[in-house]
Amino acid sequence: MMFDKPVPVIRLSEEDFRFLSGCDRAVITRNTLEAGGRTIPLSPTPTAALDLTPEDRAMLAGEAGPAPRQAMEIICAMAAQQGARELVSVSQAHIDGCIYASPANLLFAEKMAASGARVRIPTTMNAISVDYANWRLQRVPETFGKPAQDLADAYVRMGCRPTYTCAPYLLDSAPKRGECVAWAESNAVVFANSVLGARTEKHPDFLDLCIALTGRAPLAGVYLDENRKAGLVIDVELQPGSDDAFWPLVGYLAGQMSPDRIPLLRGLAEGKPSRDDLKALCAAFGTTSASPMLHIDGVTPEAASSAAAGLPQRKITQEEMAAAWRELSAGPEQVDLVAVGSPHASLGECRALVAALGGRRCSPDVTVMVTAGHDVIRIAEEEGTLPLLREAGVTVLPDLCWCSISEPVFPAAAKTVLTNSGKYAHYGPGLSGRTVRFGSIRDCAQAAATGRAPCRLPEWLVP
């Protein structure tokens with residue numbers, strides 16, 4: 001739509017879809033699809049059936065300018081594809097598309113900014129691909145650092161706050177229960193819906209800006225009460241003596257068991273999960289499930305309203321947790337890099353790392369890096385936590401998150417990484433090309449000081 005290049009997006013009945021999946025060639029015209037000797041009539045998506053407000057129609061007519069007009073056209077097309085009948089007003093947005101994944105990201109943002117686009121609602125920004133103020137000192141190539149910085153600048157010109165964090169729920173602007181927002185970062189979406197009780201779909205890149213420019217989103221998915229109910233019950237065995245590594249393991253396994261529906265997790269309330277525990281659980285869940293939320297019986301705000309009767313049931317056992325640990329922590333004992341802060345570390349996690357180090361300094365053979373948002377770094381500096389981390393030899397980076405760190409910021413010589421993040425243990429091997437192992441914050445501190453992480457199950461997972 002932005003470049004006047006038609007791309008066919010076709011919605012088919014189940015029968016036609018099954019038929020087409022067996023064909024090796026199809027011809028698509030404006031009105032028909034021909035394949036396997038069959039002609040299937042096509043019709044445009046019914047955007048005209050949307051019940052739009054006068055303000056929506058004014059934006060569609062271009063009265064607010066070309067950028068809101070195009071954004072509203074895209075939102076209406078998405079709403080029609082999702083079966084929405086109307087749009088919903090959202091109070092804030094969080095942009096994921098500010099990560100420089102390809103020149104297309106920059107082209108999109110700069111074209112929008114050049115057309116005079118300005119966000120209509122408070123809009124925060126996800127972690128970006130460089131340490132904004134220091135990438136040249138870090139020897140990041142100009143060919144990557146400059147477009148990554150330009151991408152961030154384009155969103156700031158459009159009125160977005162340069163928060164540069166993948167954990168917007170740690171900001172003072174975090175939404176309240178029942179508040180409709182538009183976030184586009186998987187771990188943040190799961191946390192917002194599940195823990196805060198706010199409402200947001202798992203919006204894709206580019207659509208996030210369209211919503212920010214209009215303040216409107218398709219009224220579909222988990223914006224609606226009926227789509228926030230559990231479709232599966234998962235019982236979890238609490239492990240006596242377990243540590244902070246328990247919670248991302250639960251999230252990782254729950255996501256595997258519930259890849260396409262909202263689960264209700266039972267048995268965890270007695271473990272009294274902290275906000276950081278829930279953060280780790282939600283992030284790991286978002287790596288293995290497409291669902292935008294989960295419920296934890298006795299913990300999350302909407303769990304009590306999610307009936308379990310008649311739902312299919314699964315169970316996370318100690319054996320399954322041990323198998324997941326082995327899967328996420330396969331690799332050599334020697335560790336070259338300790339990675340904390342995926343999603344961005346909270347103040348509590350920074351304090352926990354200081355406590356686990358217990359005054360020890362990092363081994364000269366190990367690089368220890370924590371990524372965190374500017375607000376967390378500022379408070380950690382003021383209270384003395386950040387100086388203690390630096391004295392121990394820990395590097396604390398703003399703006400970047402582990403899912404966007406690449407060489408040379410990622411140490412080229414590092415072969416084995418240890419992380420306390422279920423999310424990064426899952427994505428890290430593919431993103432970095434290295435062996436990535438998983439452990440608790442205490443394991444990370446021990447590896448930081450000694451360069452070693454024993455290849456064994458934690459005591460609480462040993463039968």
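Which residues is Ser129 in contact with, leaving aside its neighbours within four places in sequence? The model is a predicted one.

1. Surroundings of Ser129. The residues in contact with Ser129, once neighbours within four places in sequence are left aside, are Ile99, Tyr100, Phe144, Ala148, Leu400 and Ser404. Ser129 itself sits in the loop that runs between strand 6 and helix 5 (142-157). Its relative accessible area is 5%, and since buried means under 20%, Ser129 is therefore classed as buried. The side chain of Ser129 also makes a polar contact, reaching the backbone nitrogen of Tyr100 at 2.9 Å. As for its separation from Val376, the two residues are 247 residues apart in sequence, while their C-alpha atoms are 19 Å apart in space.

2. The cavity beside Ser129. The structure holds one cavity of 30 Å³ or more. The volume of the largest cavity is about 60 Å³. Its lining consists of 14 residues, and those nearest the centre are Ser129, Val130, Val140, Ser406 and Val409. Divided by class, the lining of the largest cavity comprises eight nonpolar, four polar and two charged residues.

3. Between strand 5 (residues 93-95) and strand 6 the parallel pairing extends over three bridges. Within this pairing, Ala93 stands opposite Thr123 of strand 6.

4. Strand 10 (residues 263-266) pairs with strand 11 in the parallel sense over two bridges. Leu264 is the residue that stands opposite His295 in strand 11.

5. The largest pocket. The volume of the largest pocket is about 1600 Å³. Its lining is made up of 40 residues, with Met1, Val7, Pro8, Val9 and Ala77 lying nearest the centre. Two or more lining residues are given by each of strand 3 (38-41), helix 3 (66-81), helix 4 (103-114) and helix 7 (207-214). Helix 3 supplies the largest share, six residues. In terms of class, the lining of the largest pocket has 26 nonpolar, seven polar and seven charged residues.

6. Gln70 in helix 3. Helix 3 also holds Gln70. Is this residue buried or exposed? With a relative accessible area of 12%, Gln70 is buried. The side chain of Gln70 reaches the backbone oxygen of Met1 at 3.1 Å. Not counting residues up to four places away in sequence, Gln70 touches Met1, Met2 and Met112. Met1 is also among the residues nearest the centre of the largest pocket.

7. The second largest pocket. The second largest pocket has a volume of about 500 Å³. It is lined by 26 residues, and Ser440, Arg442, Asp443, Pro454 and Arg456 are those nearest its centre. The elements that contribute two or more residues to this lining are helix 11 (347-357), strand 17 (435-438) and helix 15 (441-450). Helix 15 gives the most, with six residues. The lining of the second largest pocket divides into 13 nonpolar, five polar and eight charged residues.

8. Thr371 in strand 14. Thr371 is placed in strand 14 (residues 367-372). Its relative accessibility is 0%, and Thr371 therefore counts as buried. A polar atom of the Thr371 side chain lies 2.6 Å from the backbone oxygen of Gly341. Leaving aside neighbours within four places in sequence, the contacts of Thr371 are with Val340, Gly341, His344, Ala345, Leu397, Leu400, Cys401, Trp402 and Ile405. Leu400 is also one of the residues in contact with Ser129.

Terms used
Residues are numbered from 1 along each chain as its sequence is written. This is a predicted model: local features need pLDDT of at least 70, side-chain atom pairs count only at pLDDT 80 or more; totals for chains, interfaces and linings use all residues. Side-chain values use heavy atoms; hydrogens and water are left out. Two strands pair if DSSP finds at least two bridges between them. Helices (H or I, at least four residues) and strands (E, at least two) are DSSP runs, numbered from the N terminus. Buried means under 20% relative accessible area, exposed over 50%, partly exposed in between (1.4 Å probe, protein chains only). A polar contact is a pair of N or O atoms within 3.5 Å; within protein, one must be able to donate a hydrogen and the other to accept it, and residues adjacent in sequence count only if both atoms are side-chain atoms. Contact means heavy atoms within 4.5 Å. On a 1 Å grid over the protein atoms alone, a cavity is a set of points where a 1.4 Å probe fits but cannot get out, and a pocket is an open set with protein on both sides within 12 Å along at least five of seven lines; lining residues have an atom within 4 Å of a point. Grid points are joined across faces, edges and corners, and a volume is the space filled by probe spheres set on the points. Ala, Val, Leu, Ile, Met, Phe, Trp, Tyr, Cys and Pro count as nonpolar, Asp, Glu, Lys and Arg as charged, and the others, Gly among them, as polar.
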